[in-house]
Amino acid sequence: MLIKIKPGWFLPEHEATPESVFSNRRQFIKKLGLASISGAALLSGCGKIQQEQVRQNLEAANLRGLSFTPNPKFTLDRPLTSESVAATYNNFYEFSSGKEVWRNVGSFNPHPWSVEISGMVNNPQTLAIEDLLAKMPLEERLYRHRCVEAWAMAVPWIGFPLQAMITQADPKPAAKYVKFSTFYRPNEAPLQSKGYPWPYTEGLTIEEAANELTFVAVGIYGHELPKQHGAPIRLVLPWKYGFKSIKSIDKIEFTDQKPATFWNTLVPSEYGFEANVNPNIPHPRWSQATERMISTGDRRKTLLYNGYGEYVADLYNI
Ligand SMILES: Nc1nc2c(c(=O)[nH]1)N[C@H]1C(S)=C(S)[C@@H](COP(=O)(O)O)O[C@H]1N2
Ligand SMILES: [Mo]
């Protein structure tokens, strides 16, 4: 994503390392006639050595397995993205403006953790993540994910509907929006010392927040979230562009004011508050008609609401 005031360290995705490295490497390999090298490994930036590093990195993270029930309602129209690709191609600007977030999360310590629920609610509370995990029945959902940068993946999240937390908090009738914030820890997140409007914030209308699709993830691929995916707790909104799915949440606030959000504050002309996936509304600098799957490189047609219209179309009047 490109911002108007462009610091030297900031690059939009298609100019950033992974993309340029991939295309240069692809040209290079073509020249050498090595086209037989796995397209998937190439596109993910995962040569054999990196695959091994990723595997070791995930193992070293010692992620706890979670018990959950698969929710058969949410199935996919495309193959699942491999874990090693999803875990090495992330957006998490607190740690990196490129995709190699997994290499920069070493100092981040998401344990212990709690989430403060405040604002226009009858039951303000601070929930320790351990208590939440013990209390909430966990389910697994296979969801498509679409980044505004036109890449996509499909992954198995573990968590619970946000609605369960909303019911507990018991919002007052005046609450019209829900605001979410990520931690602010410049000592653990190197880019929080740079001039972005930290902490990262996002927002939903109360109707969007209560929608069946709106999911709070505490795990992925059978275990707790690795740091690069937003440990220990994040939002997953599969019908909206990925930047709405805020990671590592520590505050949820109910309010009657539309919350200021991170990307909308930086570049209002490019990143709206609603940000629903829509192939017919181009980003000001690129088309949104198609998307690229990060594991295989397949190009697919973008689906309106990322294919989730049956759940969310009645929230909007387009
Ligand atoms: N706190 C925070 N949350 C964030 C981001 C971020 O930079 N910081 N990036 C967003 C974007 S643009 C995307 S596409 C998704 C990526 O999620 P993933 O890395 O787990 O695939 O996280 C979203 N949540
Ligand atoms: Mo994104």
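Trainee: What makes lysine 244 a charge that sits over the ring of phenylalanine 273?

Mentor: In this predicted model, the charged end of lysine 244 is 4.2 Å from the centre of the phenylalanine 273 ring. The cut-off for the distance is 6 Å, and the charge must also be within 35 degrees of the ring normal. The charged end of lysine 244 is listed as sitting over that ring. Arginine 144 is a further case, for it lies over the face of tyrosine 308 at 4.5 Å from the ring centre.

Trainee: Why is the contact between glutamate 130 and arginine 64 called a salt bridge?

Mentor: The closest N and O atoms of the two residues are 3.3 Å apart. A salt bridge requires a nitrogen of Lys or Arg within 4 Å of a carboxyl oxygen of Asp or Glu, so the pair qualifies.

Trainee: Which salt bridge joins arginine 64 to glutamate 224, and what does it tie together?

Mentor: The side chains of arginine 64 and glutamate 224 meet at 3.4 Å, N to O. Glutamate 224 lies in strand S9 and arginine 64 in the loop between H3 and S1, so parts that are 160 residues apart in sequence are tied together. Glutamate 224 has a relative accessibility of 12% and therefore counts as buried.

Trainee: What makes lysine 73 and glutamate 212 a salt bridge?

Mentor: Their side chains meet at 2.6 Å, N to O, and the cut-off is 4 Å. Lysine 73 is in the loop between S1 and helix H4, and glutamate 212 is in the loop between helix H7 and strand S8, so the pair ties together parts that are 139 residues apart in sequence. Lysine 73, at 46%, is partly exposed, and so is glutamate 212, at 35%. Elsewhere, salt bridges with shared partners join Asp77, Arg78, Arg144, Arg146 and Glu291 into one network. The search of the whole structure finds 16 salt bridges.

Trainee: How many aromatic pairs does the structure hold, and why is the pair of phenylalanine 74 and tyrosine 311 called tilted?

Mentor: There are 23 aromatic pairs. The ring centres of phenylalanine 74 and tyrosine 311 are 5.5 Å apart and their planes are at 40 degrees. Planes under 30 degrees apart count as stacked and those over 60 as edge-to-face, so this pair is tilted. Phenylalanine 74 is in the loop between S1 and H4 and tyrosine 311 in helix H9, 237 residues apart. Phenylalanine 74, at 3% relative accessibility, counts as buried, and tyrosine 311 is buried at 16%.

Trainee: What makes phenylalanine 95 and phenylalanine 108 a tilted pair?

Mentor: Their rings are 5.4 Å apart, centre to centre, with 45 degrees between the planes. Phenylalanine 95 and phenylalanine 108 are both buried.

How values were computed: Residues are numbered from 1 along each chain as its sequence is written. Chains are lettered from A and ligands numbered from 1 in the order in which they are written. This is a predicted model: local features need pLDDT of at least 70, side-chain atom pairs count only at pLDDT 80 or more; totals for chains, interfaces and linings use all residues. Side-chain values use heavy atoms; hydrogens and water are left out. Helices (H or I, at least four residues) and strands (E, at least two) are DSSP runs, numbered from the N terminus. Buried means under 20% relative accessible area, exposed over 50%, partly exposed in between (1.4 Å probe, protein chains only). Rings of Phe, Tyr and Trp (its six-membered ring) pair if their centres lie within 6.5 Å; planes under 30 degrees apart count as stacked, over 60 as edge-to-face and the rest as tilted.
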